[in-house]
Amino acid sequence: MTELLQTLLLGLLLGGVYALAASGLTLIFGVMRVINIAHGAFVILAAFVTYWLWDAYGIDPLLAIVITTPIVFAVGWVTYKVAVSPLRTAPMASTVLLTFGLALVLEGVMGELWGNNSTAIRPSYADESFTIGGIFLPKAQVYGGLIAVLVLALLWLVLTRSWLGRAIRAAATNPASAELVGIKVASVAALVFAIGIGAAGAAGAITGVLYPFVPGSHYQWIARLLAIVVLGGLGSLNGAVLGALLFGLAETMTSAYWSPQWATAVPYAIVFAVLLIRPQGLLGTKLREDVVAA
Amino acid sequence: MSHVSLRRGFTAAALTGVLALSLAACGDDSDGGGDSDGSIVIGTSLPLTGEFSQPGKAAQQGYEVWQKMVNDDGGLIGREVELVVKDDASNQNTIVADYNALIGQDKVDLLLGTFSSLLNLPASAVAEKAQMLYVEPAGGSPDMFTRGFEYLFFTQQATSDKQGKVFAEWVAALPEDERPETAAYPTLDDPFAAPNVAGIQEILEAAGIETVYEETYAIDTKNFDTIVSAMKSADPDLVVHGAQFEDGIGLTRSMLKADFTPDMFYETNAPSFGSQYSDGIGVENTEGVVYAVSHSPDAATPGNAEFVAAYEDMFGEGEVPEDAADAFAAGQVLQAAVEAVGDIDDQKALADWLHDNEVETILGPLSWDETGAPTGDFLIGQWQNGAPEIVLPEDAATAEIEIGWHPGGAD
C-alpha cells in the first residue's frame, strides 16, 4: 500500500510539471492552430536563464520564476512578431517547419551562450525530501508541483474570468466574428503566443531544478509535450492538465509495477489507444466540420 | 480545417519535418574537399548537436589537437592533414548519410569514427562496406565486434563489457567482512552501459554477491524516483549503475533525495566528467564514487603531457575531457598505421598492420584481436576529497582505493 501511494504521489508530482509545460503548447494551438515544435526549446531556454540567475546572482531558482517568466514571455512576443506572424495563416505544415527551424536556432544559440556541457541547478533543498511514514516526497518536486498548480490556476482564471480570456476564446472559436466585434485577432494571437511561451518559461525554471539539461534536451521534451496535448485534446487546457497527470502516472506506475524499460513507451501506447477510441483526445472538441468530413 | 485535411496536414508536416531534420543535420561545418593539393583529408561525423553533443564537441577538440600536433610536426607521411567534420545531430540515420557523403562525395582519404556505440554501429558498417579503415574513439559495445568486420578498431583499452572488470575483481577479492553481500544493477538501455554492468554482475554473482535489484530503463527516462524507491526497498550494499551522463546525475540525485546511500557506489561514464559531475550531484556527495576511465591527465604515457599542454593551449586551461583524449588516441592509432605502412591507398594493409601490432598512445599501449576489439584493461577511478583519482590497477594508481560511498563527506 505504501509503495502504491508513493508511486501515485510521484506520478502526480511529475504530471503537474508536465501540465505546466504542456499548457502553453495547447494554448498556442487552440488559438492559432500552430504546432509549436520549438516549445521544448523554450522550456530549456528558461532553464538556462534560471541557471544564469541562480549562478550569477544567487537567486533561488524557483523564486526566480517571477523573473524568468517575463523574460521568456518577451522572447516569445518578439519571436511571434519576427518569425511566426508572417506565417500565421499559412498551412500548418509551414508553421511546423518554421518552429522546427526555430528549435534548431534556439539550440544553437543556447550552445553558444552556455555551452553544450550538462548543466544542473542545485539549490540547498535540491536533494532533500519530506518524509511522511515510509513515503518520501522530494522537496524540489513538491515546491515545483505547487508552483505549477498556482500558475495553471492563474492561467485558467485569465482564460475564463477576464475580458482578455473572452477575447482569446472568441479569437479561437471564430476569428472572423471576433474581428467584427472589435477584437484585434492578430494582437490576441501575439499575446497568446507570448503567454504560451511564458508558461513554458515557468515550467523550464522548475524542470531546470529537477533534471540536468543540455541545449539538445528539448527533443525529449517536445516528444512528451506533443503526446500529452494530443492525449488531452489539442487546444484544450483542461485536457492538457488531465493528459499530463495521466502521462506522469503512467510513467511511474509502469516503472514501479512492470519495468522502467517500458516507462516511457507505455504512456505513448496509452495515447495511441485513446486516439483510436476518441480521435479528438480526452477533452478535445469534435468540430462540426470534423463530422462533415467524416 | 476539416478532420481529413487536418490529418493530411499532420502527415505533410511530419514528412517535411523529417526532411528538414535530415537536411539540417547533414549540414557540413567545414569546407570539405577531396585530396588534391598533397594534403591528406580525413573525414568524420560527430554528434555536435543533439543529445550526445557534449562528448561530440569534446571529440572534435581531441581530433583538432591531434591534427595540429601532426601538422606542426611536419604532417602525416610528410603531407598536411585536413579534417572534414560533419554534424550527425546524434541521429543514427544522419550518420549513415554523413559517412556515405564523406566517402562518395567528399572522397576523403581516411576516416575517423564518431561517438557512442549507438552511432558507431551504423557508421562502421558504411566504412566496412567501402573497405575503409575505421578507427573509432568511443564505441565499446560488444555488439560492435560480432559482425566479422575487418576494418574496425576501437581505441580504448577494453570493450564495455570488460570496462568494470578490474573493479569487479577487486570487490570479489575483498575480505568477507568488507565485501558487499547484495548488489543492485540499474542500467540505461544503451549498447555501452548495459554490457558494462552485465560484465560486472557476472563476476560479482560468481563471487557469491546476491543480486537484489536488476532493471533496465529507457534512454529518455528523466525521472528516477520510482526506480530509486524500488532499489531502496531492496536495500543493496552495492549499487552498480550503468549510465551515460545525464541519467547518471539524475539517478544519483534521486538516491540522495530518497536518502538512499548504499555502502558502495559504482557508476559508468558520468563520474569521469570531472567538474560537470561534481557540479551535477554536488562535490560533497562525490566522496567514494567509483568508475572506469580510459585516460588520466597525470598518466606518464608517451605523449600525454604534450597532449594535455596542447589541449590547454588551444582550448584553455581546465579539465581535459576524457572524450577528447580518446579522440586524440584514435588519431594516434591512425597515424601509427599510416606511418608504418607508408601510404594511404591500401586500406587493407593499414588494417592488417593494426591487427598485427601494438600502438603506444596517451591511453597506454593498445592492441586488438581479430574483431578489432582492444585487449587491455581499463583504469578505475574514484572521487576522493572532491577530486578524481586513479585507484586501480595499482601500478597506475594515484591514490589508494577507499571502501564506501560517503555523500556529504567531501569538501
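These legends walk you through a few close-up views of a predicted model. Local features need pLDDT of at least 70 and side-chain atom pairs count only at pLDDT 80 or more, while totals for chains, interfaces and linings use all residues. Residues are numbered from 1 along each chain as its sequence is written, chains are lettered from A in the order in which they are written, and side-chain values use heavy atoms, without hydrogens and water.

**View 1. Helices H3 and H4 of chain B meet here.** Look for H3(B), residues 92-104, and H4(B), residues 117-129: their axes come within 9 Å and cross at roughly 30° (helices are DSSP runs of H or I, at least four residues; axes are lines fitted to C-alpha atoms over the stretch in contact, with angles from 0 to 180 degrees between N-to-C directions). The two helices are therefore roughly parallel to each other (angles under 35 degrees).

**View 2. Side by side, these residues join H3(B) to H4(B).** From H3(B), the contact (heavy atoms within 4.5 Å) includes B:Ile95, B:Tyr99 and B:Ile103. Among its partners on H4(B) are B:Leu119, B:Pro122 and B:Val126.

**View 3. Chain B rests against chain A.** Here 51 residues of chain B are in contact with 50 residues of chain A. About 4200 Å² is buried between the chains, with carbon and sulfur atoms giving 58% (accessible area, 1.4 Å probe, lost on being put together, summed over both parts). In chain B, B:Lys222, B:Arg253 and B:Lys257 lose the most area to chain A.

**View 4. A:Arg122 and B:Glu284 form a salt bridge.** Their side chains meet at 3.6 Å, N to O (a side-chain nitrogen of Lys or Arg within 4 Å of a carboxyl oxygen of Asp or Glu). Across the interface of chain B and chain A, the rule finds two salt bridges.

Terms used:
Angles under 35 degrees count as roughly parallel, over 145 as roughly antiparallel, 65 to 115 as roughly perpendicular and the rest as oblique. Buried area is the accessible area (1.4 Å probe) that two parts lose on being put together, summed over both.
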